[in-house]
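Please look at the sequence and the model shown here before reading on. The paragraphs that follow describe the chains and how they are arranged.

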Amino acid sequence: MHSINPMVVDLSRFQFALTALYHFMFVPLTLGLTFFLAAIETVYVVTGKQVYKDMAQFWGKLFGINFAIGVATGITMEFEFGTNWSMYSHFFGDMFGTPLAIEGLMAFFMESTFVGLMFFGWDRLSRQAHLAVTFLVALGSNLSALWILVANAAMNVPQGAHFDPDTMRMQSDSIVQVIFNPDAQAKFVHTSVAGYVTAAMFVMGISAFYILQGRNKEFAARSFRMAAIFGIISTVAVITLGDVLGRLDYEHQPTKIAAIEGLWENSHPPYEPWLAFAIPDDEKQKNHLEVGIPFVLSPLVTHSFDTTIIGMKELQTQAEPRITSGIQALVALHHYDQTHSATALAEFRAHEADMGFGFLAMKHAPGQDVAAITEDQMQSVVDATKPDILPNVFVTFWSFRIMVVLSLWFFLLFALGAYVSLKNRLNRNHLLLKLCLWSIPLPILATEFGWITAEAGRQPWTVFNFLPTYLSASSHGVSYMVFSLAGFALLYSIFIAAELFLMFKFARLGPEHDAHHAQSASVHVVPDDVFVTGMGD
Amino acid sequence: MQLVRMVGLALAVVVALLFAVFVGDQGPWYFAWVVGTVMIVLTASAGAVLFEAQHQGSEVKDI
Amino acid sequence: MDYYEVVKLIWGALLCVLFIGLGLMVGMDMGVGTLLRLVGRNDGERRTMLNIIGPHWDGNQVWFVLGGGAIFAAFPTLYATSFSVFYVVMIMLLFSMILRPVAFEYRSKADSRRWKASWDWVFLISGFVPMFIYGAAFGNVMQGVGYHYDWLGQYYQDETFLSYLLNPFAILCGLMAVSLSVYQGGAMLMLRSEEPIYGRARRYAMGGGVIAALLFVVGGFRIFSMSGYVLTGTVDPAMAANPMHGQEVARVTGAWLAHYYDYPLLWLFPAFGVISMLAGVLSLKANAPVVGWWGGLGAWIGTIGSVAVSMFPFLMPSSTMPDESLTVWNATGSAYGLTCMLIVVLIFMPIILSYTSWCYYVMRGKVRVEDVVQDPHSY
C-alpha cells in the first residue's frame, strides 16, 4: 500500500475546480442563447421580416465566439477524470461513464453536427429547415447538459448501483434510476434554465447598450423585448427549481444543507432564523456575527413549521458508529480480496453500507492502513475522522447566499425591463438600460457560485457516502500537476483574452457591420421546399 | 403525399403522448422542462409579434 | 458462450470501430490543419481551406470525445489507467486539441496579419500533435506500459514518462498516423476545392499516402523482433472484470504475430491496409478524390484491424507486472452497463450516420475563394 500524497490531491482538486469553473463560464450562455436564437428564428419564419434574420445572424455570431471556448474547455473535463481522478474513474466508471458516453452519442453529436449547418446553411436551407436546425442545436446542447447532470447527480445522490467486492467498484444495476434520479431532474432544469437567464441578460444588456447609444433602434428594441420576456419567465423557473434542490439536499445530503444554512446545532422550529449574514468558523465550529430573519428557515428548507433540521455537530456524532463499522467493512473487504472466503464476505456485507466512512478513516489510520488500527487507537482515529464528514462551511454558506441575492436581482431587472419594453418606454429609462448593461456578467457569476455551492457542499465525497475525494485522485507526483497547471494557466488566459477581445469588438461594431451582406441575401425568394434553395454551384 | 403527411403527424402525436405519459410519470421535472422551454420560446416570440403589432404602419419611434 | 463474454467481445469490436472513425474523421480535419500553411499560400486560400471543413469539423471532433466517453463507460479500468499513466502525453494531446475549436472560430474574425499568422501556426500544432500522439499511443501500448495496481484498484506507474516520449517504434507509429491524416485531409481538400489548392493538396495527399504505406510495412517488420504478450494459464473470458486476479501473462518475442500464424487468413487485414493506401494514392493521381477518400477508410480499417488482431485480447499490457495486463476480459464495465450502452449505440449510431451524411449532402460542392472572402459569416 502506497501512501497518498495530500499535495497531489489538493492540486488535482484545484485544477479540476479551475477548469470546471472556467468551462462553466461559457456553458450557460450556450444553453440559453441557442433557444433564444430559435425564438428569434421562429418570429422570422412567422413574420418574414428581414430584421429577425439580422438578429439571428448577429446574436449567432456572438454565440459562435462563446461556443468555441465552451466546446474546447469541455474536452478538458472529459480528460481530467482519467488523467487526474484515476481511482474515482475505476471505482465509479461503470456508473459514471455511461451517461457521459450517452451524452456524446445522443447530444453532443447532434449539437456539433447541426451547429455547422446553423452557421453555414443560411443560403442552402429554407427558412423552416434552418429553424429546425437551430432547434436541434438548442436541443442538443441542452441534452448535453442533461447527461452531464445525470452523471453529476450520480455523484451527489448515488442510486441505481451497488458496490461489487469482486471488481472493487460500483456497478450499475438500474439505468432508469440513474436517469430519473430526482437530483438529476431538478439540477438539470435548474442549470438549463439558469442558462436561459444568462443568455437573456446578455442580449438585454447589449441591446440596452445600442439603445443608450441611439444605434440600431429597430434591431435593439426587438431584441430587448424578446430577451426581457425570455428572462423573466426563466428567472421564476430558476428560483422555483432552486427551492426544489434545497428540499432534495435536505433529504439526501444533510451535511450539505446544514453547511449551506450555517447550522451547527439542531434547528429549533418554528422560530429558527434564516441567517442572512454570518461568518462561519470551520475551526471552532461556530458562527460569528450572526444576523438572521426569524421563522424563515424551517418553512424554507422543509416546507413545514415543525420539522427539525439536524445541525452539523449532531451529524458528526451520528457518523461515529458508521466510521467504526466502515473500518470493519474495509478490513473484511481486504481479507475477502486475498482469500475469497465466504466468512469474510459475510462480514463485509454486514458493514457494507458504511464502507465509505471506512475510506475516510483510512486517512487517519497508521500508515493509511485500517487493518493496523489497534483497539486503543480506535477512538482517536474515529475522533480525527469525525470533522472530515463536513464540507467547508464558509465557502458553501457564502456561495449559496451570493447566488440567491443575484437571482433576486435578476428577477427585479427582468420584470422592470419587460414592463418598460411592453409599454414602449425604453428610451426614457436610461438608468434601467445602464443597469442592464452592467448586469451582463452577473448571471455568469451566479451560476459559478451555484456550482460551487453544489460541489463544495458535496465534500468530502466524490461519490456521496461511498468514496472520499482524497482517495479519488491519481497516484502520480507533484511535478505532473505543476506541468499541467502551468499549461492550463497559460492557455486559458490566452483564450479569455481572445474571447473578450472579439466579444467587445463585435458587440461594439453591432449588426450594421454585416448589414450589406444581409441585404443582398434577402433578395433570395425562398421557396416552400423544405430542404434546399440554391445548390452549391 | 397527403396521406404520408397525415401518417407522419399521427406518429408524432403518438410519440409525444407516449413521452408525456412515461416521462411525466417517471420524471415530472423533465416533463416540466420540455413544456416550460417551449412556453418560454413561444412567449418571447409572442412578445416580438406584439412589438410588430404595436408599431404597425408607423416608423419605430418610441421603443 | 457466456453472455458476458459476448458483450465484452462486441465492445472490443466497437472500440475498433471508434478508433477507425476517429482516425478517419478527426484525422481528416487534422490533416487540413497540418497542410494549412503548406497548401494555402495566401489568406484567401487558407480561409477557403478552413471553410471546406468548416461546417463539419465540430461534428467530426465528437468522434474524439465519444472515443473518450466510450472507453470510460465500457472500459473504466482502461480509461482510469491509460489516461493517468500517459499523463504528460495526454495533457499535451489535450492542450493541442483544445486550441483547435478556438482557432477555427477566431482566426478570421480580426484583420490583423499577426493575429491570423499566429492562428495558422496553431492549426499546424493542433493538426500535427494530436495525430502524432494518437499514433504514438498505439506504438507504446503495443510494447507494454509500466504499471501495477494495489488491492483497491489504484494504479501505480513504474516508468518515467520519457520512455513514452522517446521511443522509436512509437515515433514511427505517430508519424504514420500523421501521414494518413495528411492523406485524408488532402483528399477532402481535392473534393471541395479548385486550382491552385486542388493541385497542391493532391501532391501532399499522395506523398502522405505513400509514406504511410512505407511506415506501415517497416513497422510490420519491426513486430517480428518485438516482445509481445501471451496468456499462459487458462482464462475465463466471463470473469469478473478485475485485472488483479485470474490471469497469467508472459512476454515473448514475436508474440504479436501468433494470431497470424494460427489463422493465416488474418493477413488480409494488413494487406487490405497497404492496398487501400496505394490504391488511394493511384486514384488521387487519376483525379478521383472520391475513391481516394474512401481509400482512406480502407487504410484505417487495415491499420487498426491489424493492431487489434495482433494484440487480442490485450488492450494495454503491463511490462512490469504482466499478470495485471488489461485485456478485453478484465477491463470492461459490468454486463448490465455494457448492455445498456450497446442498446444506446444501436439506436443512435444509425441516426448519427444519417444526419451526418445529410450535412455533407447539404454542404456539397466546391468552395470558392471569392465566395469565402466576401462572406462575413465564413471562417
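Domain bounds, as used here, come from an automatic or database domain assignment. This is a predicted model, in which local features need pLDDT of at least 70 and side-chain atom pairs count only at pLDDT 80 or more, while totals for chains, interfaces and linings use all residues. Residues are numbered from 1 along each chain as its sequence is written, chains are lettered from A and ligands numbered from 1 in the order in which they are written, and side-chain values use heavy atoms, with hydrogens and water left out.

Chain A is divided into domain 1 (6-162 + 185-255 + 390-522) and domain 2 (267-309). Taken over C-alpha atoms, the centres of domain 1 of chain A and domain 2 of chain A are separated by 31 Å. Twelve residues from domain 1 of chain A and 16 residues from domain 2 of chain A take part in the contact, where contact means heavy atoms within 4.5 Å.

A:F295 gives a local view of chain A. This residue is found in the loop between strand 4 (286-293) and helix 9 (297-302) of chain A; helices (H or I, at least four residues) and strands (E, at least two) are DSSP runs, numbered from the N terminus. Leaving aside residues up to four places away in sequence, A:F295 touches A:P270, A:Y271, A:E272, A:P273 and A:F305. A:F295 counts as partly exposed because its relative accessibility is 48%; buried means under 20% relative accessible area, exposed over 50%, and partly exposed in between (1.4 Å probe, protein chains only).

Chain C contains 14 helices and six strands. The radius of gyration of chain C is 21 Å, close to the 21 Å that the globule rule gives for 379 residues, so chain C is as compact as a globular protein of that length. That radius is taken over C-alpha atoms, and the globule rule is 2.2 Å times the number of residues to the power 0.38. Along its principal axes, the C-alpha trace of chain C spans about 65 × 40 × 35 Å. Of the 379 residues in chain C, 66% are buried.

Chain B has two helices and zero strands, and buried residues make up 27% of its 63 residues.

How do the chains meet? Of the two pairs of chains in contact, chains A and C share the most contacts. No contact joins chain B and chain C, and their closest C-alpha atoms lie 16 Å apart.
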